[in-house]
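Student: I am new to this structure and would like a close look at a single part of it. Please take me through that part slowly.

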Amino acid sequence: MQRRMLSKEDEAAVGNDELEVRREDQDKINKFSRLHQRETSLEEELKSRAKEKEDLDEISSELELADDDEKIPYEELYKLGDAFIMLPLPEVQELLAKGSSKIEQSVSATEEKLSSIRKEMETLKVDLYARFGKSINLET
């Protein structure tokens, strides 16, 4: 976070424009803070899901690129939670496709939530900046 000193004009303006923080203003500030925390959490979740999807796609590609002439065991290991289980190759590929599809749906839902949160934050920013001007900093 970058800090800077107020110019003489800004300092004088702040001194003259001391506004009382009303209950509804404080509620909006608190809501903005909660939304910002939720936004950060959802962004981290999206990064995590993107990494999972990338890993599943990479594994799927490796299994598809396997040469038929190569000696590949009929059964492959598939990670289920913290354990690995032996499954036939076609089942592994099917499970990878389903896992990838679930991740895509999850990412889509998370992006919708994130979009909604950002719209609400923008509305709160407009309201709070209109009321407090330079006296408040809502830049994230």
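Is Asp25 buried or exposed, and what is its relative accessibility?

Tutor: This is a predicted model, in which local features need pLDDT of at least 70 and side-chain atom pairs count only at pLDDT 80 or more, while totals for chains, interfaces and linings use all residues. Residues are numbered from 1 along each chain as its sequence is written, and side-chain values use heavy atoms, with hydrogens and water left out.

Asp25 is buried, because its relative accessibility is 2%, where buried means under 20% relative accessible area, exposed over 50%, and partly exposed in between, with a 1.4 Å probe and protein chains only. Asp25 sits in helix H2, which covers residues 23–65; helices are DSSP runs of H or I with at least four residues, numbered from the N terminus. The side chain of Asp25 forms a polar contact with the side chain of Arg131 at 2.7 Å, a polar contact being a pair of N or O atoms within 3.5 Å, of which, within protein, one must be able to donate a hydrogen and the other to accept it, and residues adjacent in sequence count only if both atoms are side-chain atoms. Apart from neighbours within four places in sequence, Asp25 is in contact (heavy atoms within 4.5 Å) with Glu20, Leu128, Arg131 and Phe132.

Helix H3 spans residues 89–132, and Gly133, with a positive phi near 60 degrees, follows H3. Lys125 also belongs to helix H3 and is buried, with a relative accessible area of 14%.

Methods
Helices (H or I, at least four residues) and strands (E, at least two) are DSSP runs, numbered from the N terminus. The expected span of a helix is 1.5 Å times one less than its number of residues.
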